[in-house]
Amino acid sequence: MTVLDSAPVGTTTPPAIVCTVLEQQRHGRPVGRDRYTISEVAGCTGLSVHTLRWYERIGLMPHVDRSHTGQRRYTDRDLDWLDLVGRLRLTGMPVADMVRYARLVREGEHTMAEREELLTAHREDVRKRIAELRSTLEVLDYKIDIYGDARRRAEASEGALKH
């Protein structure tokens, strides 16, 4: 499963742009490789080894192949999935919803409508949070302007007194 496999139906970002973004992200990966150790994945994603193992344990990470010695071997596809999980985390999606989404993806195409519903609902939550943040940013801008104006007036007064 890749980010493209799990993209919501009716996405407004053209596939060519999504592919370009993914290719840019892949530039940090060694060229010509598609097998990574858990420590390499931790270094590349910023996730701890413990978190990667936890993702696997709770069902957020699909089955990760193992070497003949039992070491995890992640693929580019796994890294694409971790990128999507990271983006979902960044948007504030609850872990339970991410696990549910991962389960639906693994269950196959017959779950597409449910996946679309889950992501659509989450998108609405994200849009509400963005609106709240914009409103909060306006308050911060207002307060900063007040302090900036007061500082400039004080500096002008000090300058007038010196002359």
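Predicted model: local features only at pLDDT ≥ 70, side-chain atom pairs only at ≥ 80, totals over all residues.
1. Leu137, Leu140 and Ile144 together make a nonpolar surface patch of about 300 Å².

2. Leu140 belongs to helix α6, which covers residues 112-162. The helix has 51 residues, and at 1.5 Å a residue these should span 75 Å. The C-alpha atoms at the ends of α6 are 72 Å apart, which agrees with that expectation.

3. Which residues of α6 are buried? They are Arg115, Leu118, Leu119, His122, Val126 and Gly148. The cover over the buried residues of α6 includes α4 (76-90) and α5 (95-107).

4. There are 2 aromatic pairs in the structure. One of them joins Trp54 and Tyr55, with 5.8 Å from centre to centre and 45 degrees between the planes, and is tilted. Trp54 counts as partly exposed because its relative accessibility is 32%, whereas Tyr55, with a relative accessible area of 3%, is buried.

5. Trp81 and Tyr101 also pair: their ring centres are 6.1 Å apart and their planes stand at 0 degrees, so the pair is stacked. Trp81 is in helix α4 and Tyr101 is in helix α5, so the pair ties together parts that are 20 residues apart in sequence. Trp81 counts as buried at 1% relative accessibility, and Tyr101 counts as buried at 1% relative accessibility; buried means under 20%.

Definitions and conventions
Residues numbered from 1 in each chain as written. Heavy atoms only, no water. Patch = residues over 30% accessible without salt bridge, like charges linked within 9 Å, V, L, I, M, F, W, Y side chains within 5 Å. Areas by Shrake-Rupley, 256 points an atom, 1.4 Å probe, with all protein chains shown as cover. Salt bridge = Lys/Arg side-chain N within 4 Å of Asp/Glu carboxyl O. Helix = DSSP H or I, 4+ residues; strand = E, 2+ residues; numbered from the N terminus. Expected span 1.5 Å × (residues − 1). Buried < 20%, exposed > 50% of the residue type's maximum accessible area, 1.4 Å probe, protein only. Contact = heavy atoms within 4.5 Å. Phe/Tyr/Trp six-rings, centres within 6.5 Å; stacked < 30°, edge-to-face > 60°.
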